[in-house]
Amino acid sequence: MNEFDRSNGNGALRQQQTPVDQRALYDRFGAMAYGVILQILPQTHLAQEALLQVFTSTQLASFSNTTVNPAISIIRVARSKALELKGRLMERDTACQEPFSSTGSYSPESVFDLSFRQGYSFEVISEQSGLSKPELLKAVRDFIHVFRRS
Amino acid sequence: MDIQQYIASGVLEAYLLGIASEEEQHEVQQMKVLYPEISSAIDDLEVVIESYCLENSVPPPTGTWELIEARTVRRDIKKREKSNDDGKTAEPQPEKPDYLEVAFSDTYIRVHKYWRIAFVAVFILSKIFLIAGLYYYFKADSQNQEIERLKTVIQQQSTR
């Protein structure tokens, strides 16, 4: 046994599959995750950083062993990493911390945009828009189903 | 509870997109186990959401995978170093086997760093021997030519 093998210790057996799975997930869902991130974080250098965080995330390694759909898990992780980076960016620019401006009309797409892309909670959107939470949930459903029909 | 109403409420979409509250997430997970209709609706929605996101796919910048790989290796090394440090202070572990079965698909080999010095020494020596060989070859060749020339001179003198 050489030094390399020795230094791996017992964890080598567990870790040996991770790069393979990681590569497979990246090949299959890398573009999808990057697309999700760009919807939230349009700055390409930050979006790339978020993508790196997604595919180096420890959450990702457990996906292959669970029944959770990997695409859905990656979408969730991509969104949370992009929002995390966006949040850090906005912390620096305090002027951006103000709630979204109300235009008076809320389409399913604008509700989806506020909740999924901009990361506002339903409570905040509800306060600002005057729509109830069930109405907001319905708007998200309508947005998804408009896409389904098209 | 009206299952169809629950499915139509939009909470399943919010759950899958990760925008539902923790309470709603737990609720959906419980409902998924209890009601096969909800489980099947979630399966259908997973496909729709995946298709939506795939439609908005953007190829990542080139070299992203290499960066991911490098970061993963760095993280693994740090983790290993940390576990080694912890191992020093922790109680002695049960004896591990002397070898590990590791599936390795790499085309590179790892050798001890002292081999570098050996390779450099062999390289330099080979160059020295090559130069020396060429020097003695041309020297011997010129000596042969001189001998031949002297032989012809002697032969010419003896015939006179």
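Colleague: Let's start with B:Ala20; where does B:Ala20 lie?

Modeller: B:Ala20 sits in the loop between α2 (11-17) and α3 (22-34) of chain B. Helices here are DSSP runs (H or I, at least four residues), as strands are (E, at least two), numbered from the N terminus. This is a predicted model, in which local features need pLDDT of at least 70 and side-chain atom pairs count only at pLDDT 80 or more, while totals for chains, interfaces and linings use all residues. Residues are numbered from 1 along each chain as its sequence is written, with chains lettered from A and ligands numbered from 1 in the order in which they are written.

Colleague: Why is B:Ala20 called buried?

Modeller: A residue is buried if 20 or more other C-beta atoms, placed from the backbone, lie within 10 Å of its own, exposed if 12 or fewer, and partly exposed in between. B:Ala20 has 22 other C-beta atoms within 10 Å, so B:Ala20 is buried.

Colleague: Which residues is B:Ala20 in contact with, leaving aside its neighbours within four places in sequence?

Modeller: They are B:Val11, B:Ala14, B:Tyr15, B:Gln25 and B:Val28. Contact means that the C-beta atoms of two residues, placed from the backbone, lie within 7 Å.

Colleague: What about A:Tyr106: why does A:Tyr106 count as partly exposed?

Modeller: A:Tyr106 has 19 C-beta neighbours inside 10 Å, and therefore counts as partly exposed. A:Tyr106 is in the loop between α6 and α7 of chain A. Not counting residues up to four places away in sequence, A:Tyr106 touches A:Val111, A:Ser129, A:Leu131 and A:Ala139.

Colleague: Which residues of helix α7 of chain A are buried?

Modeller: In α7 (residues 108-117), they are A:Val111, A:Phe112, A:Leu114, A:Ser115 and A:Phe116. Just after α7(A), A:Gly119 has a positive phi of about 75°.

Colleague: What makes a set of residues a nonpolar core?

Modeller: Its members are buried Ala, Val, Leu, Ile, Met, Phe, Trp, Tyr and Cys residues joined through C-beta atoms within 7 Å. The largest such core has 53 residues, and A:Ala33, A:Ile37, A:Ile74, A:Ala78 and A:Val140 have the most contacts inside it. Helix α3(A) gives the largest share of this core, 10 residues.

Colleague: Which residues does A:Val140 touch, not counting residues up to four places away in sequence?

Modeller: A:Val140 touches A:Val111, A:Phe112 and A:Ser115, along with B:Gly10, B:Glu13 and B:Ala14.

Colleague: And how many helices are there in chain B?

Modeller: Chain B has six helices and zero strands. Of its 160 residues, 12% count as buried.
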